Amino acid sequence: MSTQTAAARKRQKIDTVTIRFVGDSGDGMQLTGTEFTKASALAGNDLATFPDYPAEIRAPAGSLFGVSGYQVHFSSKDVHTPGDQPDVLVAMNPAAFKTNLADLRVGGMLLVNSGAFTAANLEKAGYKSNPLEDPALKQNYRVVQVDMNQATEAALQGSGLSSKDAARCKNYYALGLMYWLYSRNEEQQVGAIQKKFAKKPEIAKANVAVFKAGYDFGETSEIFHEQYEVPASKLRPGTYRNITGNAATALGFAAVAKQTGRTVFLGSYPITPATEILHEMSYMKAHGVVTYQAEDEIAGIGSAIGASFGGSLGVTSTSGPGLALKAEMLGLAVIAELPLVVVNVQRGGPSTGMPTKTEQADLYIALFGRHGEAPLPVIAAQSPTDCFYAAMEAMKIAVKWMTPVILLTDGYLANGSEPFRIPDESELPKVEPKYQTEKNGPDGSYLPYMRDAKLIRPWAIPGTPGLEHRIGGLEKDSLSGMVSYDGMNHEKMVKTRAQKIRNVVEDVPDLVVDGPQQGEVLLLSWGGTYGSVRTTAEALRAEGKSVAHAHLRWLNPMPKNLGAVLKSFKKVVIPEVNDGQLAFVIRGRFPGVDPIQYNRINGKALKVSELKKRVLELL
Amino acid sequence: MSTTNGTNGAQAAAVPAYTKKDFESGVDPRWCPGCGDWSIINQVQKVMPTVGVKRENIVFISGIGCSSRFPYYMNNYGMHTLHGRAPSFASGLKVSRPELQVWVMTGDGDALAIGGNHFIHCMRRNLDIKVVMFNNRIYGLTKGQVSPTSELGKKTKTTPFGSPDQPFNPPALALGAGATFVARSVDVEGAHMGGVLKSAAGHKGSAFIEVLQNCPIFNDGAYLSLTEKSVKADQLLRMEQGKPLVFGKDGKKGIRLNRETIQLEVVTIGEGGVTEKDLVVHDATREDPTYSTMMANLNQKPGFPTPIGVFRDVQRPTAEDLNAQQVQEQKAKSGKADMKTMLAGSDTWVVS
Ligand SMILES: Cc1ncc(C[n+]2csc(CCOP(=O)(O)OP(=O)(O)O)c2C)c(N)n1
Ligand code: SF4
């Protein structure tokens, strides 16, 4: 009977699906999400993911603030975001159900573990009655209730596993069900489980059994009328891996070390959501990376500048509060004109703010957050995989121009993942550090501040005979680098340093406008909102609207053609996950341009549907 | 990778025969006449030609304060960083370039107030960094405020009614933080200071050298009670490795361990049956820092002399060596991973 049912079912081809797995911190949702992501990647889909977990490490089970989620958006087309609204919500308990239901697309599928909807759990989630019994639920969503607790127990009967260990397997039930629903390769996952738990064969066996039970339930039960298939997308040929923004950032720096044969030195102090950069790079000792977990952020950047003084490629990674602490040291790197990359993985602020939630609100501190006149280049990565290229680019700029560079990413990029096509070495940006080895003064001396035509000073490192010199944070003579309190020399130095940073524009590509080159509306984005804004513009153009998109990777200096681009559109809309920081900067730099702000500061990425609605109102 | 201080083998042979002049940058120091800093730089410049390291491989790093102008006056590589932050800068330099000899020149305010955190971590890590702290018990550069080493009750511009805060005892702090070399000297004792600096240069690991320094402008005579000719012999106790702790004009005073109170006490040889054999024999090489700490705390009680010399000098693996070792091990493990292999990591798939 069951096979007949299966045969009678239609296998429907669809383009794009977003699934969100939500449960308790201890329910294994991150694992479930990543396993499903891998399967989608192997099936050739383009995809983007976003994990969302609580600030508390082990929040009480069943509590509203202990809900952990993982969203994956997979498609046969290009995707730029982890998806606005899930099409499928897998909720493992009432708390997860309560905190996520509002996001589920109307008409979407709600798969709930009804076994977790016990009186105690309902109470923890603040329910007086069981919400699954609300008839409105069925009107809005396709509700599938499965007692996964019981099903898991049944699948493990006689396995000898403790009931606690057995209960831990239930996420594999949900995974199995999703595998069936989206026609994923069952055997592949069985192999993956066996590999993952190779050291604990009894756990591997149990997880496989539960996974299969979930899969078979899809096959045999009559709840599902359809099975879906998302065909492979036309990704560029190559070898791929899935990568998060933080891992990509780390890898970008390791690539620099490999490419240049120089030491990349990361001095850092743990802070969410930047910590994984330090974690990842700590494993890269074999590849020319030295990591140093400093006693605080100041020491993190201090050690990195020290390393750069010594000829290594200094990097420091942090998030908002850490960048605040690094401000004084950044000034030192600016005046000493030493290469350095400061990665700031932005999060909700001010102060401790919302550490696990994303925000784009550190643009001001990146551009202006130092005392004195201290301009420096600022680059923002636009996607998880772009973090790789942005890290390399930031270092390329730092060593070429002898300057600290701030690289902005954010929590959304840092934790989100997407397929990363492993580039060929020839496709990588060229980082070319150069040391001074010869005296450059007219009288056979070494002048550490004698500049070339681009105003770049030489980099002579300790160990080089004859070029011994002393520099520091005090204003320096424009040639010898000796301390100088001469007012006119100071003015000259301030202007020279500023001009040098303006000269960096030769390495800033022109802004590319996607869509009509002039017309009604230009959406101007920067950083991590790239995907949402690009998707919005594409969706609006598909509806025949004149909406273009341009994305600023360079926040300082800005592309040469930016002014002209802004003036080619009747309306410029700047969507940001902050209260309007880029809009403020644009108004200041391009008098006469008054961008329309679109701001969301709710700790989440921009929603395509919401932004689209807003732009439609403007058209 | 060579991580020695260059006192051995081939490297030493290649070091030119320097004179003091080779270490003078030609920039005139801006210290006030009579400042103890003059004597310190004089000794450092005298010692440098003797340490067996090429000039270009020596780096002086400082924070902010009068004393921190030091690097400008040396003819080495140097960096004048930020207030209190020199140890962080030095640490990054040392970890990434273990072959360099790295010195940190700092003041009591710089090292122990704003830089307290960096200082203790620099000591604990046991990177081969030598921190020379000029202790004038005052903030000089900002014109005379209390510092973390100013004595209780000290009147300054910010403590017109006397400082209510207990001071740090710097050598004890360094020992507590795990420094493997801890010493003290005095600006007016040039030869002694030179000896201590030379020992520090030869030590491989975190070294702390406190130099008691007079600031004639804002804290004149802070150490007169120790250094004035008439009292010096009774007030300064010179610790010498392997020698009993004796001091005093006629060399008759000494330090003995009272076994009941487990305290060090001052005794006089010849009195109450005390002989030289009863005195503590100085040994800075004890791994356990208890003795060194007792000595560092000796002058905290009235009536006790102030020890100068080396409190502690022990060998432990340095952080930069352990780090270099890990790099070698990881390199050996991963073989010659090329760029592509490195970028690929472990889980990949192919799209054709
Ligand atoms: C962040 C910061 N805070 C304060 C100062 C001002 N400042 C400069 S030196 C100094 C105290 C120096 O005292 P000490 O380290 O004892 O050195 P000395 O001048 O006595 O040699 C202070 C407070 C500064 N330069 N930077
Ligand atoms: S103020 Fe004091 S410490 Fe500073 S230079 Fe003058 S005498 Fe020396």
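1. The crossing of H19(A) and H22(A) is right-handed, meaning that the near helix is turned clockwise from the far one by less than a right angle. Helices are DSSP runs (H or I, at least four residues), numbered from the N terminus.

2. This is a predicted model: local features need pLDDT of at least 70, side-chain atom pairs count only at pLDDT 80 or more, and totals for chains, interfaces and linings use all residues. Residues are numbered from 1 along each chain, chains are lettered from A and ligands numbered from 1 as written, and side-chain values use heavy atoms, without hydrogens or water.

3. H19 spans residues 530-542 of chain A, and H22 spans 608-618. Their axes come within 9 Å and cross at roughly 50 degrees. Axes are lines fitted to C-alpha atoms over the stretch in contact, with angles from 0 to 180 degrees between N-to-C directions.

4. Which residues of H19(A) and H22(A) make the contact (heavy atoms within 4.5 Å)? H19(A) gives A:Ser532, A:Val533, A:Thr535, A:Thr536, A:Ala539 and A:Leu540. H22(A) gives A:Val608, A:Leu611, A:Lys612, A:Val615 and A:Leu616.

5. An automatic or database assignment divides chain A into domain 1 (11-229), domain 2 (241-420), domain 3 (434-507) and domain 4 (513-618). The C-alpha centres of domains 1 and 4 of chain A lie 36 Å apart. Their contact takes 4 residues from domain 1 and 11 residues from domain 4.

6. Between domains 1 and 4 of chain A, about 590 Å² is buried (accessible area lost on being put together, 1.4 Å probe, summed over both). Carbon and sulfur atoms give 45% of that area. In domain 1, A:His80, A:Thr81 and A:Asp84 lose the most area to domain 4, together 78% of what that side buries.

How values were computed:
Helix = DSSP H or I, 4+ residues; strand = E, 2+ residues; numbered from the N terminus. Contact = heavy atoms within 4.5 Å. Buried area = accessible area lost by both parts, 1.4 Å probe.
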